[in-house]
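I opened this model to go through its strands, its core and its ligand shell. My notes follow in the order I looked things up.

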Amino acid sequence: MDMIVNMNIICKNFWKKFYNKFVDQLIFGGNKIIAVDQNGKEKRIFFVRGLFIRFKGKNSTIILHKPFPKFICSRISLGDNSKVIFKESEDRVKKFIIRGKPNGVFVTVGKNFSVMNGCRIIFGKLPGMKVNIGDDCMFATNITLRTSDGHIVRNKDNNKILNYDKGIEIGNHCWVVNNSQIFKGVKIADNCVIGSNSLVLKNCDEPNCIYAGMPARKVKENITWERRGIEVSDLETLSD
Ligand SMILES: CC(C)(COP(=O)(O)OP(=O)(O)OC[C@H]1O[C@@H](n2cnc3c(N)ncnc32)[C@H](O)[C@@H]1OP(=O)(O)O)[C@@H](O)C(=O)NCCC(=O)NCCS
């Protein structure tokens, strides 16, 4: 008898949660997941493999251009009036997490984007924050993009807040190496590499450069990079 009562409660809770999370927010909340095919034709979808989507508010949209990235254990949670766009990519995007709260965040992810294992985009509570990631960007493991410090820092004399939230812009063809953190307001130019364990606090304005360190500074210029690793056939082109 007890077991039947328990099962009833579990089922009730399941359907309540299902209704709140899926039906109410996705169907009636004005939230949408839209797939765009190669001809620009849009179709509303309800699930994306490997990507757990949680709409916590109303009128948010996620637009995915086909082919979708190969999402693995990725998560997006959005509040009200937010928009996330993924351009075409056939690469793996593993543990990519967007935590948007509570209002109006905008994320654009360019073509051929890949994440080896872990990237978090963290927003604060100020609305209207944007994160743009250009085409052909490659993120390695454990990358953090923060548009907000999460807590207030003030000038002691005049009480002014010193650390307002700001958006982040990453150019085309940038490689962000393991354990790097990119903070609020940073712009990274095209064709740049962010070295491993870097803390990027200021703009990386010059294209074709390596920026690295804590805080990150320009350590090499006039570079370009490729996704593939060095092979035996490349030996003759190795520099001294
Ligand atoms: C960014 C990177 C690719 C650059 O390699 P490189 O072109 O051979 O660079 P160098 O080793 O010649 O370093 C150039 C300068 O930058 C500094 N530098 C390089 N990477 C740095 C880093 N992560 N943090 C601080 N300084 C760094 C070097 O100390 C050197 O400084 P110096 O000129 O004063 O001596 C490499 O440093 C790196 O981060 N490799 C890790 C790659 C990785 O984790 N791959 C995993 C798969 S994505």
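Entry 1: I began with β1 and β2, which pair in the antiparallel sense over 4 bridges. Two strands count as paired if DSSP finds at least two bridges between them. Helices (H or I, at least four residues) and strands (E, at least two) are DSSP runs, numbered from the N terminus.

**Entry 2: ground rules.** I am working on a predicted model, where local features need pLDDT of at least 70, side-chain atom pairs count only at pLDDT 80 or more, and totals for chains, interfaces and linings use all residues. Residue numbers start from 1 along each chain, as its sequence is written.

**Entry 3: the sheet.** Which strand does β1 pair with in the parallel sense? I found β4 (residues 61-65), joined to β1 over 5 bridges. Valine 36 stands opposite histidine 65 in β4. I then traced the open sheet of 8 strands and wrote down its order: β2-β1-β4-β7-β10-β12-β14-β17, with mixed pairing. β2 (42-45) and β17 (187-188) stand at the edges. Each has a single partner strand, so one side of each is left without a neighbour in the sheet.

**Entry 4: the whole chain.** I count 1 helix and 21 strands. The C-alpha trace spans about 80 × 60 × 40 Å along its principal axes. The chain is divided into domain 1 (1-30) and domain 2 (32-226); such bounds come from an automatic or database domain assignment. Their centres, taken over C-alpha atoms, are separated by 33 Å.

I looked at burial next. A residue is buried if 20 or more other C-beta atoms lie within 10 Å of its own, exposed if 12 or fewer, and partly exposed in between, with C-beta atoms placed from the backbone. Of the 240 residues, 31% count as buried. I also checked contacts, meaning C-beta atoms, placed from the backbone, within 7 Å. Among contacts between residues at least 6 apart in sequence, 32% join residues at least 24 apart.

**Entry 5: glycine 29.** Glycine 29 is in the loop between α1 (2-28) and β1 (32-36). Is it buried, exposed or partly exposed? It is partly exposed, because 16 other C-beta atoms lie within 10 Å. I also took its distance to lysine 56: 27 residues apart in sequence, 9.3 Å apart in space, C-alpha to C-alpha.

**Entry 6: the core.** The largest nonpolar core has 47 residues. Such a core is a set of buried Ala, Val, Leu, Ile, Met, Phe, Trp, Tyr and Cys residues joined through C-beta atoms within 7 Å. Those with the most contacts inside this core include Ile76, Val107, Cys192 and Tyr211. β20 gives the most to this core, with 4 residues. Leaving aside neighbours within four places in sequence, its contacts include Cys192, Ile194, Gly195, Val200, Cys204 and Val219.

**Entry 7: the ligand shell.** How many residues surround the ligand? I get 13, and the closest are Ala140, Gly195, Ser196, Ala212 and Val219. A residue is near the molecule if its C-beta atom, placed from the backbone, lies within 6 Å of it. β20 (209-212) and β21 (217-221) are the elements that give two or more residues to this shell. By class, the shell has 6 nonpolar, 6 polar and 1 charged residues. Here Ala, Val, Leu, Ile, Met, Phe, Trp, Tyr, Cys and Pro count as nonpolar, Asp, Glu, Lys and Arg as charged, and the others, Gly among them, as polar.

**Entry 8: backbone angles.** I listed two cis peptide bonds. One joins lysine 66 and proline 67, with omega about -5°; proline 67 lies in the loop between β4 and β5 (70-72). Another runs from methionine 214 to proline 215, with omega near 0°. Proline 215 lies in the loop between β20 and β21.

Asparagine 142 counts as partly exposed, because it has 17 C-beta neighbours inside 10 Å.

Conventions. Contact = placed C-beta atoms within 7 Å.
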